[in-house]
Each structure stands twice: as C-alpha cells, then as structure tokens.
Amino acid sequence: KGWLTELDPTKLPNFTQYAAPRVQARDFDPGNKFTIPWQSGFTGIGYNPKLTGREITSFADLFDPAFKGKVGMFSENQDTGNMALLGIGVKPEKSTPADWQKAADKLKQQRDQGIVRKYYDQSYIDALSKGETAISMAWSGDIFQANLSAGNNNLKFVIPNEGGVIWTDNMCIPLGASHPLDAITYMNWVYQPRIAATMAEYIEYITPVPGAQDFIKQDAAAATAPADKASLLELSTDPAIFPTQDILAKTSYYRVLNAAETTQWNDIFNAVIIA
C-alpha cells in the first residue's frame, strides 16, 4: 500500500552477515525489502507442574476437564486460531475456511464446558504466576521472565506435540519518517552479535543473530555472582532463545490472510473468544 520505506541493503551489512538464514528468506517480504526481524518467539503452553500434577505435552491438555476453570486462553484470535488449527491436526499455512470453522467449534466446546477460566491479554502471565490458572496458552519468553522475577522455576513452557507457532516482531520505517537514516543505522547496529547478546539477555526471546550465543557464554564465564552466572548459562542453552532445528521443525507460521480472509477469520473466531 506504499506505507513503508524500501530498505537500502548497503546500509544493512550486519544483517547480511550475521542474521540467521531463516530470517533472511520470508514469504511475506521476499528479500527483506521493507522489514527485518526484531525478535521472535514461540506460542505454546505454559503451566505450573505443582498445580497440574503432571507434565504437559499436548494441545489436548488445554481441554482436560481435570483443569476445569484453571485454563487460560488468549483473547486475540490470531494466536488462538492458529494454535487451535494445530490442535486439530491442520497446518495453519495450508488451512481453509472449513478448517477455521472446525478449530473454532473445538474452542467453543472448551468454552461451553467451563474449562476456560478467562480469555487473557498479556495479563495471562500474572494469572499463571499467581496460580489462578494451572495451564495456559503462553509466549515462550514470558515464562523465562516470570521465573527469573520470582527467583524460582515454578513455571514451564512446552511446545505441544501437535506443534506450536513461531512469530516475529519486525522493524520497518514508515514512509515519510523524519529520520530514516537514523532508523536504518539503528536497525543495522542491533545485528552486531555483541549487541544482540546484550539484548537477548534482557528481552529473553529468540534472537535473530545466532552469533549472540557465544557472547552470552562469555558473559556467563565472566560473571562473579553465582546467580548471574547460572542465569546466563541457562539463557545461553535455552532452546526458547536458541532453538534447535528439531524444535523449529515442530513449529508453524501464521496463516497469512488477505483482506477478505481476515474478515472471515475474525468473524469465525470472534464468535467464540469474545462471545
């Protein structure tokens, strides 16, 4: 629609040199002409083993009557709809409107049986941390951050057997921005492995720069406080920050919708989530 400034690749040498291959070839923006990734993460399931009484492995666990009234789901229909598709065995990228309706019907059963405590926005992590829910849809980095803040490892994150969704927040420059050179200079700057490592240590989501891992290990080796050393070591090997190919193979991308499909998708899933 002509809303974004086309990026000059000669001003993004760090992106070209250091970005993970998976973020350099994306269907929605071939050649990264208008966007480059900021950070990524997984949508999966978070839970408290002390409250569930067992390990969680499947999307079906979100529908277990044993957790009636203790299940959290997301209030926005993008993640919830795509996860529901995976839960019924459909790859979101290849799904059809008929599949969307089947997934929504599955979610409706869960709602009508009283299994869902609430459809949450970002506040889901507070509910999970406080024990108001025992199991919830979750974003990967939130679980790590919640445990770090509480000084324990009470919560766990899992990509269910049926699969999870991988998402990416992106950087772009609006057309007509006052300082586009400053913007693209910053975009290039954050792709330095040292800078990316510092950011990953704070943000705790999937970095688009694999080389950041070595710098986090160096920071762990240099840390003098035992707690800091342990936290950085954990971060440097956490598959939610540096996912293996096996984990990536379990994840799907969102269904990319055109304008008409977006309306149909929203009509189908909003009927469940905000009813």
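This is a predicted model: local features need pLDDT of at least 70, side-chain atom pairs count only at pLDDT 80 or more; totals for chains, interfaces and linings use all residues.
Some ground rules. Local features need pLDDT of at least 70, side-chain atom pairs count only at pLDDT 80 or more, and totals for chains, interfaces and linings use all residues. Residues are numbered from 1 along each chain as its sequence is written, and side-chain values use heavy atoms, with hydrogens and water left out.

Let's start with strand β1, residues 36-47. Helices here (H or I, at least four residues) and strands (E, at least two) are DSSP runs, numbered from the N terminus. Is β1 buried or exposed? Eleven of its twelve residues are buried. Buried means under 20% relative accessible area, exposed means over 50%, and partly exposed is in between, with a 1.4 Å probe and protein chains only.

Which strands pair with β1? Two strands pair if DSSP finds at least two bridges between them. Strand β6, residues 164-171, pairs with β1 over seven bridges, antiparallel. There, Pro37 stands opposite Asn170. Strand β4, residues 135-139, is joined to β1 by five bridges, also antiparallel. Look at Ile45. It stands opposite Met137 in β4, and opposite Val158 in β5. A general point: in a regular strand, side chains alternate between the two faces of the sheet.

Now the rings. There are nine aromatic pairs in the structure. Rings of Phe, Tyr and Trp (its six-membered ring) pair if their centres lie within 6.5 Å; planes under 30 degrees apart are stacked, over 60 edge-to-face, and the rest tilted. Take Phe15 and Tyr191. Their ring centres are 5.1 Å apart and their planes are at 85 degrees, so this pair is edge-to-face. Phe15 sits in helix α1 (residues 13-18), and Tyr191 in the loop between α7 (180-189) and α8 (193-203), so the pair ties together parts 176 residues apart in sequence. Phe15 is buried, at 6% relative accessible area. Tyr191 is buried too, at 1%.

Elsewhere, ring pairs link Phe74, Tyr124 and Trp139 into a cluster. Lys106 lies over the face of Phe63, 4.8 Å from the ring centre. For that label, NZ of Lys or CZ of Arg must be within 6 Å of the ring centre and within 35 degrees of the ring normal.

Back to Phe15 for a moment. One of its contacts is Asn32, in the loop between α1 and β1. Contact means heavy atoms within 4.5 Å. Asn32 is buried, at 6%. Beyond its neighbours within four places in sequence, Asn32 also touches Leu7, Val23 and Pro37, among others.

Next, Thr251, in strand β7 (residues 251-252). Thr251 is buried, at 9%. A polar atom of its side chain lies 2.7 Å from the backbone oxygen of Leu248. Leaving aside neighbours within four places in sequence, Thr251 is in contact with Phe42, Lys91, Ile159, Gly164 and Ile166.

Last stop: helix α9, residues 212-222. Which of its residues are buried? Ala212, Ile216, Asp219 and Ala220. Seen down the helix axis, they fall within an arc of 100 degrees, so they line one face of α9. That arc is taken from the directions from the helix axis to the C-beta atoms. These buried residues pack against α8 and α10 (226-237). The face turned away from them carries exposed Ala221 and Ala222.

Conventions. A polar contact is a pair of N or O atoms within 3.5 Å; within protein, one must be able to donate a hydrogen and the other to accept it, and residues adjacent in sequence count only if both atoms are side-chain atoms.
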